[in-house]
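Let's take a friendly walk through this structure, one part at a time. Have a look at it first, and then read on.

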Amino acid sequence: MKVLSYTVLAALTLASTATSCNYRSIRTAQDITPGNYFNEKLDWRYGAGDIRIQTTKINTILMDRWYARTAYNCQYGTPRIIITDIDNCTDCYISSEMIRDIIESAAIDDGRYTVVVGNGCDECELDALMNKNLFHPKYSNSSQLLPGKALAPQFLAKIRLTKAVSSDNWYDYEDYRMTVTLYDIETQVAIDSAWDVLRKQVCR
Amino acid sequence: MTSRSLRNITLILLSLTTACSSAHRQQEVISTYQQGYLAPADELLSEQIAHEMPQNAYWKSKNAVTLLLDRATIRFTEGDTSHAIQDYDLALQALDYYGQDSTIDTAGQLLFEDGCGAYCGSNLEQILARVYFALTLLHQGDENNACALLRQAEELQQRFQQSIQPYLKDHFCNDNALAKYLLALLLEYQDDTSNAAILYQQVQELNGILPVDLNLCTEAEKHATLVIICHNGNVPFKISDTCPASIASALALEMILASQDIRPAYSSFTGIPVPALCQQWPSCPLPTTISLDGVCTPLSPILDVAAAAYNELEYKKPLIVARGVARFLLRRTAVAFAEGQDPCLGALVDFGIFIANASTKADTRSWRTLPSSIDLIRYRLAPGLHNIGIAVTGYGNNRYEEQCCIVLKAHDLCVINIFNIHPHVTINLIPTRFLKGE
């Protein structure tokens with residue numbers, strides 16, 4: 001009987017240990033984007049930290065290109081980006097207010113442009129904002145600058161977030177692609193577009 | 001032993017001692033909620049949350065999932081959508097956190113009872129948490145994020161479906177018609193009609209009452225869409241029952257052991273506790289009719305939450321019973337071991353184990369503020385003013401009626417939620433941006 005009891009105890013202990021052998025912890029992810037050698041620790045959910053990284057990168061690329069192409073001097077006024085649409089095609093809840101705050105703070109840090117975020121949910125509000133912006137004397141200028149006529153231009157911008165997932169036995173590899181497309185406010189023609197992919201390794 | 005292990009053991013012992021008071025408090029909250037006193041129910045629950053998980057530290061309470069989901073639903077019913085969103089978001093984080101396996105929890109469940117482990121929500125609850133979160137966002141007009149959450153729910157459904165044993169697939173289905181329908185609706189709203197058509201087709205196969213042709217139509221951008229969702233009744237709650245077969249099996253075991261000259265243990269005859277679902281008559285769904293511009297139509301059930309909860313419990317019962325059997329064997333072995341040392345000690349241990357077995361309960365935690373059934377109707381309307389009448393027929397002469405006017409523009413999506421919490425308590429939630437005069 002004694003042997004039986006020890007056997008049962010040992011078997012049950014082994015079974016319970018084998019079925020679950022880890023403690024709970026708040027999950028984290030690693031930034032394993034190719035070319036990024038720091039492998040920063042991130043929140044497992046796509047959120048503020050990730051958006052900040054991507055927004056800063058993309059907006060810097062877009063502004064660098066635009067300044068290089070137009071040779072604009074920002075002493076005439078800071079260009080303005082009006083974000084009209086944030087298209088979240090991922091499966092993560094991302095608060096619009098959070099995105100707005102992050103984009104605004106990225107613009108403040110950069111200093112070469114300002115940002116206005118329109119509320120795409122309310123069409124009337126967006127129309128009113130657009131009318132106000134379109135006829136604003138300081139910004140009544142196309143983003144295609146004419147030589148010697150440089151007022152501060154303004155752009156329309158759309159942000160799209162997409163997600164792709166692959167996995168192995170231990171990790172999920174999540175690719176978050178952020179695309180920002182700039183449009184000329186007068187002609188509504190796409191001027192430029194930039195994207196960035198953030199690769200996260202999330203423990204399953 | 002690490003400090004984390006010590007903390008977990010302390011939590012198990014604490015959860016054992018506080019399980020009773022937690023269940024009692026939850027019952028108090030649910031009674032208050034079902035009487036229609038939403039603000040006091042919210043307050044009671046907030047007090048409990050502040051006590052069990054100060055500063056929203058969900059990792060401190062093993063009941064975090066149910067507490068947060070209950071409060072979020074109460075707040076959503078109240079119309080306090082911004083706080084409901086915070087709670088649903090936190091509840092999803094808690095679901096992810098407690099979805100991870102824990103050795104200490106498993107050992108605690110094996111040695112003590114199922115309820116001393118953390119509650120990580122049933123499959124149905126995990127999907128509905130996302131659906132309700134999406135409905136709250138839709139009420140605020142945030143279709144983009146609502147779509148993201150419904151995408152998550154769809155992915156989760158597919159993952160659950162893959163995890164079901166192939167031979168059980170015909171008997172047990174995790175697919176949630178409501179989640180699929182809402183995702184299809186939002187995809188259609190975003191002009192992704194091909195994916196919407198696939199999902200509508202799946203809903204039709206699951207439900208049989210919402211044909212694809214009715215939903216997808218040409219020139220959708222010229223029309224407005226009105227969806228009325230009725231959260232009808234209360235989901236059955238869990239009680240701790242005893243598996244009758246377990247008593248018979250224990251009897252057979254003791255007879256076999258007696259044939260080997262081993263004295264029977266009286267503690268074996270208490271049986272193995274298993275959860276069972278129970279529903280009171282006032283919690284049943286009530287017939288609800290919508291009149292739109294004078295034309296009356298009854299709502300069609302899209303998701304029978306009670307039946308889905310029952311099916312899932314039946315699917316999970318073998319695992320619960322297996323854990324109960326392992327616990328029983330451990331305890332019976334302890335009695336036999338003590339008996340082998342000294343017959344008096346054996347009798348004493350048998351008595352102690354008898355009390356332990358009799359007081360061991362099944363895990364009865366669940367998301368109690370869910371409805372028993374979710375009914376839905378969809379209209380495609382011309383832009384302009386529309387009169388909506390809501391009529392709920394209660395028991396006896398009790399009847400709830402309300403009229404309202406909404407103004408819709410082309411390509412608008414208006415989702416109205418009706419909560420039939422109890423025969424005398426009906427609350428409707430209409431987004432204020434569509435109300436006439438707003």
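Helices (H or I, at least four residues) and strands (E, at least two) are DSSP runs, numbered from the N terminus.

Which residues make the contact? On α12(B) they include B:Arg331, B:Ala334 and B:Val335, and on α13(B) they include B:Leu345, B:Val349 and B:Ile353. Two residues are in contact if their C-beta atoms, placed from the backbone, lie within 7 Å. The residues of this contact divide into 8 nonpolar, 3 polar and 3 charged (Ala, Val, Leu, Ile, Met, Phe, Trp, Tyr, Cys and Pro count as nonpolar, Asp, Glu, Lys and Arg as charged, and the others, Gly among them, as polar).

Chain B also has an open sheet of 4 strands, paired antiparallel in the order β5-β4-β8-β9; strands pair if DSSP finds at least two bridges between them. Strands β5 (295–298) and β9 (399–408) stand at the edges with a single partner each, so one side of each has no neighbour in the sheet. Strand β4 (residues 288–292) pairs with β5(B) over 4 bridges, and B:Thr289 stands opposite B:Pro298 in β5(B).

Now to two loops of chain B. B:Asp191 lies between α8 and α9 and has a positive phi near 65°. B:Asp191 is exposed, with 11 other C-beta atoms within 10 Å (exposed means 12 or fewer, buried 20 or more, and partly exposed in between, with C-beta atoms placed from the backbone). B:Asp261, in the loop between α11 and β3, also has phi near 65°, and is exposed with 6 such neighbours.

Chain A has 4 helices and 7 strands, and 24% of its 204 residues count as buried.

Residues are numbered from 1 along each chain as its sequence is written, and chains are lettered from A and ligands numbered from 1 in the order in which they are written. In this predicted model, local features need pLDDT of at least 70 and side-chain atom pairs count only at pLDDT 80 or more, while totals for chains, interfaces and linings use all residues.
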